[in-house]
Amino acid sequence: MAEPTNTASSARVGVYVCHCGTNIADTVDVNALTDYAATLPGVTVARNYKYACSTPGQELIKRGIRELNLTRVVVAACSPCLHEKTFRNVTAEGGLNPYYFHMVNLREHASWVHTDKQAATEKAKDLIRAAVRRVRLHRPLVRKRVSIDPNVLIVGGGIAGIHAALTLANAGKHVYLIERDATIGGHMAMFDKTFPTLDCAACILTPKMTSVKSHPNITLWTLSEITQVDGYVGNYRVTVKHKPRYVLEDACVGCMECIDACVYKQAKVPDGFNMYLGKRKPIYIPFPQAVPQVVVIDRESCIEFKSGKCKKTCVEVCGDRKAIDFQQQEKIEIIDVGTIILATGFFTFDAKRIPYYGYGTYPNVYTGLEVERLVNAAGPTGGEVVLRDGRKPKTVGIVHCVGSRDENTNRHCSRVCCMYSLKLAHLIKEKTDAEVFNFYIDMRTPGKGFEEFYNRVAEEGTVFIRGRVADIYPDPASEGRLLIVAEDTLMSIVRRIPVDMVVLSTGLEPQPDAQEVRRRFHLSCSSEGFFLERHPKLAPVSTFTDGIFLAGCCQGPKDIPDTVAQAGAAAAEALALIDIGYVEQDPCTAQVLEEVCSGCKTCIPLCPYQAISLLEEKKKAQINEVLCKGCGTCVASCPSGSITQNLFEDEEIFEEVEGLLAYA
Amino acid sequence: MPDAMPNSSQAMTAVAVQSPFEPRIVAFFCNWCTYLAADLAGTSRLKYAANVRVVRVMCSGRVDPQFVLDAFAHGADGVLIGGCHPGDCHYQEGNYKALRRYRLLKRLLGQMGIEEERLRLEWISASEAERFRWVMNDMVEHVRVLGPLHFEPAKEVFAEEVAV
């Protein structure tokens, strides 16, 4: 339908106040508010409805536009972050330009945060008055269409990144998978078995890793990091830094003869993949099924790098393949992608931060991940659970919630520790027949088959003691043993249990460089430091930066099934953008009013995107609409007021401010 | 401090002369940080003073000093600008522009006879709901102590200066 003649003075505004069930209506007097809105100049109709976002609520608005010839719509409901799009679409379906609409945030900004109904209602009146005055000045705008580059960047090669990469690659999209370590696989590659089914982690992970390497649609770059991200949804330009491996990936065939030939006859370097419980050589492969199957040289321990005087037996044995290159340099590569999935994973809590648990002081205190390597058949002990002195433990204490649910370290629950503690209890018992004590605060087993697994482990004879461990120290009565002290809160007594081995179930934390990564990708973090999703329920894998999605533990602690599910969701979100081929963006960009611009160039250096240039022949500034992201900094700086920003025009904001203050 | 202001509505309507002074504060919040912190305060049901009215902008760098002056001229007792922490700007550096303008604006306000404390710039990230609540209450309390904005004496001073 043709739009009615539409000026600010003739605007016919419809105000719709939402009750949001009782969320708004309990604290804001919606009837008084509606009556008040109806009296405002320019308001043709004011209504309230139980749920404005529901189908009947939307119909009410559309009918108002059609039957009462409304030309502007104000909806006073929840945060615009939640439903602004919904109501813009409603406005458009009613036959108006979608930008003849303004949203008032009554729920998050008034009813949920105030208790005094009268004060909240007065505030709501002010907000509605401001919105009505502002919306009358709105202009019809057209959404900007941005094309989407079909290439996808995935950062992090753990199970989340792997799964997302394979999903997208199988759909025919080209994926760049970037991993900063020498192999993909992430934490999952370190695990022995996975709860609650006790599948072997390697058996389910390594085939996927191999598929990544062989997939024609995946470009896998290990030992690589992202240093810069420019651009915007659909058109990101990403700078990748390739760190030197000192081995040519294309030339190395993974025969590993060089490892045997290394002048170090014995492995002497603590091996990070085995949590430093085992040793490796300066030239090594992180683990036998590493992908890519290419050795890597550790610059810190290699004699050639330290002295330059090595016999280079590795080069000798490599022979004609000539895969070893001590001269390899860092390389910078720039790629263009349309969407990005961050799957940068987590960091395990450093148990040394809780000194009274004795990690790093008493050799027989281990972390969960260390024991994970001990029980692994490919681990440093070949799957034997033995103490550092070679003894088999007869009693083992597993301490839950180390660095989780603790005011002094992390307040969040790490979600996986209860289950992996149960799994370790089962595996230790199976391998050593030791007596196992689990010290827990609450047993959290909320997943398919989890509670059943708990029952199974309990039936196997693991002892469960409900109480947070207060102290761990050497048992004065028994050489080589440790005493675990905890209040058993079910029996109301303090227990002192002597054990041979302590396992600290360390929690999950954000990566130490999460803040830098966050800034590089223009993301936010939630209070624990994990990346913030766009909406906790309705957009759990999206971020506030369009075209960037989250998968796995970088968004918060989660187990493998949840991680894989989220990775699939992130891939689907990226796919949805790629397949439609374009994205519509809010047109809140800035323009120069040429007739007013004096060509003073104040704005030009202020633009962070170099979107402003000077038209030399006219001596006027000009804004490239494609580059402009609509921050409005230039608008605020223009001395002659010759730059305007769509949706945030000076006059619109003045009206809003004055509307707020124009109380009766 | 109490979560909600008693009698604030009377003061808002400015009819009840006897009622205690309730500051009127206009806030300009960046869409990506402080506005989201305000939303998070809402979803977390944190309670704070009902005196602040929010204008959403895409970036604190969009806050034209004229908006602030306009708010004071139309009866605001305080103005709050909320932006992203340094280094965190969604548009790379708009918050630094806001900071520069804020510093100049403070001096200008002082010269106009408006207490500088009536204008405040705060960095509040999307996750800092608790801090957001604190800033809101703290701002209201500060402005409450300052009392209503009296612009009249300043006007007289300006008139005198112009006369000389």
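A strand, in these notes, is a DSSP run of E of at least two residues, and strands are numbered from the N terminus.

**Entry 1: getting my bearings**

I am working with a predicted model. I looked up chain A, and found 17 helices and 34 strands. Its C-alpha trace spans about 90 × 70 × 40 Å along the principal axes. I also checked burial: 59% of the 664 residues of chain A count as buried. Then I turned to contacts in chain A between residues at least 6 apart in sequence, and 70% of these join residues at least 24 apart.

**Entry 2: cis peptide bonds**

I came back to Pro196(A) to look at its backbone. The peptide bond that leads from Phe195(A) to Pro196(A) is cis, with omega near -10°. I noted another cis peptide bond, between Val291(A) and Pro292(A), where omega is about 0°. Pro292(A) also has a loop position, between strand 15 (283–284) and strand 16 (296–297) of chain A.

**Entry 3: positive phi**

Which residue in the loop between strand 13 (269–270) and strand 14 (279–280) of chain A did I look up? I looked up Met275(A). Met275(A) is not a glycine, yet its phi is positive, at about 55°. Its relative accessible area is 17%, so I wrote Met275(A) down as buried, the cut-off being under 20%.

Arg45(B) is not a glycine either, and has a positive phi of about 55°. I found Arg45(B) in the loop between helix 2 (34–43) and strand 2 (52–57) of chain B. At 38% relative accessibility, Arg45(B) counts as partly exposed.

**Entry 4: cysteines**

I searched the whole structure for disulfides and got 1 over all chains. Which cysteines does the disulfide join? The pair is Cys200(A) and Cys203(A), with an S to S distance of 2.4 Å. The torsion about their S-S bond is about 90°, so I noted the disulfide as right-handed. Cys200(A) has 23% relative accessibility and counts as partly exposed.

Cys20(A), by contrast, is in no disulfide, and its nearest cysteine sulfur, in Cys18(A), is 5.2 Å away. Cys20(A) counts as buried at 13% relative accessibility.

**Entry 5: strand 7 and its neighbours**

I then followed strand 7 (residues 175–178) of chain A. Both of its faces are covered: Val175(A) and Leu177(A) are buried on one side, and Tyr176(A) and Ile178(A) are buried on the other. Strand 6 (residues 152–155) of chain A runs parallel to strand 7 and is joined to it by 4 bridges. In that pairing Val152(A) stands opposite Val175(A). Helix 6 (residues 159–170) of chain A belongs with strands 6 and 7 in a right-handed β-α-β unit.

Strand 7 also runs parallel to strand 10 (residues 218–221) of chain A, again with 4 bridges. There, the bridge partner of Val175(A) is Ile218(A).

**Entry 6: strand 21**

Next I looked at strand 21 (residues 395–402) of chain A. Here 8 of the 8 residues are buried, so the strand is largely enclosed by the rest of the structure. Strand 21 is joined by 5 bridges to strand 22 (residues 435–440) of chain A, and the two run parallel. Gly397(A) stands opposite Phe437(A) of strand 22. To get from strand 21 to strand 22, the chain passes through helix 12 (residues 417–432) of chain A in a right-handed β-α-β crossover.

Strand 21 also pairs with strand 27 (residues 501–506) of chain A, in the parallel sense over 5 bridges. In this pairing Val402(A) stands opposite Thr506(A).

**Entry 7: where chains A and B meet**

Last, I looked up the interface. I counted 61 residues of chain B in contact with 54 residues of chain A. The area buried between the two chains is about 4,900 Å², and carbon and sulfur atoms give 58% of it. In chain B, Arg53(B), Arg56(B) and Arg62(B) lose the most area to chain A, together 14% of what that side buries.

How many salt bridges are there between chain B and chain A? The count is 5. Arg56(B) forms a salt bridge with Glu84(A), and the closest N and O atoms are 2.8 Å apart.

Key
Residues numbered from 1 in each chain as written. Chains lettered and ligands numbered in written order. Predicted model: local features only at pLDDT ≥ 70, side-chain atom pairs only at ≥ 80, totals over all residues. Heavy atoms only, no water. Buried < 20%, exposed > 50% of the residue type's maximum accessible area, 1.4 Å probe, protein only. Pairing = 2+ DSSP bridges. Right-handed = clockwise from strand over helix to strand, strands pointing away. Disulfide = S-S within 2.5 Å. Contact = heavy atoms within 4.5 Å. Buried area = accessible area lost by both parts, 1.4 Å probe. Salt bridge = Lys/Arg side-chain N within 4 Å of Asp/Glu carboxyl O.
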